[in-house]
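Work through the exercises below with the model open. Try each task before reading its solution.

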Amino acid sequence: MAGLLISMGVVYGDIGTSPLYVMKSIVGNNGGMNQIDQHFLLGSVSLIFWTLTLITTVKYVLIALRADNNGEGGIFALYTLVRKRAKWLVFPAMIGGAALLADGMLTPAVTVTTAIEGLKNLKIGNVTLISSQDTVIVVTVIIISILFLIQRFGTELIGKAFGPIMLVWFTFLGVIGLSYLVQDLSVLKALNPYYAIEVLFNPDNHAGIFILGSVFLATTGAEALYSDMGHVGRDNIYGSWPYINLCLVLNYFGQIVWLNQQQGSHAQYGADFNPFFEMMPGNVRLFGIAIATLAAIIASQALISGSYTLVAEAMKLKFLPRLHIVYPTNMKGQLYIPVVNMILWGMCLVIIWHFQTSTAMEGAYGLAITVTMLMTTILLYQYLRFRKVPLLISHLVLLFFGAIETVFFISSAAKFMHGGYMTALIATAILLVMFIWQYGSQVQEANSFRSEKVSILSYKKQLEELCYDNDFPTYATNLVYMTQVEEDHFVPKTIFYSILDKRPKRAHTYWFVTVNVTDEPYTATYTTDTYGTKNVVNVQLYLGFRVEQRINVFLRQIVADMMRNGELEEQPQKYTTMPDRNVGDWSFVLLNEELSPETRIRPMDKALIQARLFLKHITESPAKWFGLEYADVVEENVPLILGKEPQVRLTRRETNQDS
């Protein structure tokens, strides 16, 4: 039961707040209360039911949850499972990830604004707390700002309350919906998919097939459900989803019954009326708005936390530059990225200020998730082929869900000029950063000279001799270079230029450390190679994409292991605060690349490299990324020369003696 409660608080926040705005959007986009009838309402709720069934239940709960990477879910975890099948799969992974991050900026703005709008013109006693949209905006901004400000302190205590609150919320949804459904059970015929198909071509449906753009909002949290699998476990989602789905469906059917009952009344509803709040009896409406606001905050919190996790995974997969990560509590998986928090907060405020109402925001909402879902379908097909699922079934999954989601994408894209452009701009900006970081690295590697990489073995003898050369002062007992040591022991030549040429750096032991990010989330292993010496060590660290890189701590564990095994000589210290200390001091040298004027590559490639170096300089420093904030770190600038260097030979000119 505890696991089920946790899953309710973590997984279903986004999809659980959909009843706040789905029917509101469907009715509003069809022209309001005067333009709907029973036939239209039956078709609309049938579309919602079958969208939830096919996309959320079948695709995500029954199929996608089986595609886990050691218990982790989401589009990046799925990509790590299939990336070896084809290089081009990086494109759907980056596009889907960028769109999901864009959705994380929209969800808090939409859900909280919608909940607070429920208070507008509501009298508590003889007092109307919120009487204008300007007040709605102010209250929404305050709530969202508080939410983002508390992120730095961690949300462990708040998180413990999320489950029970969401249980109350979903039960409330189900009870309110059921109270109206029992008044007209004839609406259950909407379970027949005929009504869903028929309404798409019914003349009473003024939006035509584009009604799907509003219907799709009912399943926007499905991707978050898959992404959060690692936090709660697959079995807890299996156990809780039937109840969640039932409560959602009951509420949607209840809203349909209420809307149908209003057809014969003379009640006047404005353009921004919300059937979810209007259907509540007066004596429970205040409670309904309060619990809806809490649910909206929880949904926002889930998307914010999910955005941190998504960015962290993207960094480990080298889709994004390094950013500073803080772990505010001991709670597993809870992290905080200050830069991401500021960007999300700023973009939420911009969205609220720009669109002003939840109705206007709904135009921007949904488009990003249709893109993510399409990309997930492509990767899911590759996963099914990887697992040797019969070709017919694999193709059916691709074509069936691909066709449905393509139609949803077209329907959502039709709202481009009504707010969708905001989603497109945000997702494109994120994707551009990913592209620069990922492909800038590939262009740099493709244009590097093989001569710029040299074997450690070629300089092993010089390093050994320098260790014992008393003509040079000791630079450090342990000198560490963070680099990428290739399988044939090659490293950038600039490392040996730093050790031998700039000013010989004498050390007792030279360390060449490579960090390899593994597909598994919590790997923490290493290998060493001393090349037959006791002064040169190649360390290969294998860290899971969720493991914090505390290199300073890891190396102290490694040197202790190697000394215990006799692979390294002890380094006794005469002056120390620690008795019997047998490990000397450490110095870490980090090399910063600067693009050299001598670079000769295509202008577009050069611009890409310069953009990547710019991102590298404005984001997380290598010292913080590798956990070296309190270590002795030396940063040296080295020139980056790419392309074929022109061979210019000077010719000596004879001077004229007569002159």
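**Exercise 1.** Find the residue with positive phi in the hairpin of β7 and β8.

*Solution.* The hairpin has 6 residues between its strands. Among them, check Tyr 531: its phi is positive, near 55 degrees. The model is predicted, local features need pLDDT of at least 70, side-chain atom pairs count only at pLDDT 80 or more, and totals for chains, interfaces and linings use all residues. Residues are numbered from 1 along each chain as its sequence is written, and side-chain values use heavy atoms, leaving out hydrogens and water.

**Exercise 2.** Which strands pair with β8, and in which sense?

*Solution.* Pairing takes at least two DSSP bridges between two strands. Start with β7 (residues 524–529): 6 bridges join it to β8, antiparallel. Thr 525 has Tyr 542 of β8 as its bridge partner. Next, take β6 (residues 506–518): it pairs with β8 in the parallel sense over 9 bridges. Here Thr 514 is partnered by Gln 540. Now test burial (under 20% relative accessible area, 1.4 Å probe, protein chains only). In β8 (residues 536–544), 8 of the 9 residues are buried, so the strand is largely enclosed by the rest of the structure.

**Exercise 3.** How are α7 and α16 oriented to each other?

*Solution.* The axes, lines fitted to C-alpha atoms over the stretch in contact, have angles from 0 to 180 degrees between N-to-C directions. For α7 (residues 133–149) and α16 (residues 338–355), they come within 10 Å and cross at roughly 175 degrees. The helices are therefore roughly antiparallel (over 145 degrees). Contact (heavy atoms within 4.5 Å) involves residues including Ile 144 and Phe 148 of α7 and Trp 345 of α16.

Technical notes. Buried < 20%, exposed > 50% of the residue type's maximum accessible area, 1.4 Å probe, protein only. Helix = DSSP H or I, 4+ residues; strand = E, 2+ residues; numbered from the N terminus. Parallel < 35°, antiparallel > 145°, perpendicular 65-115°, else oblique.
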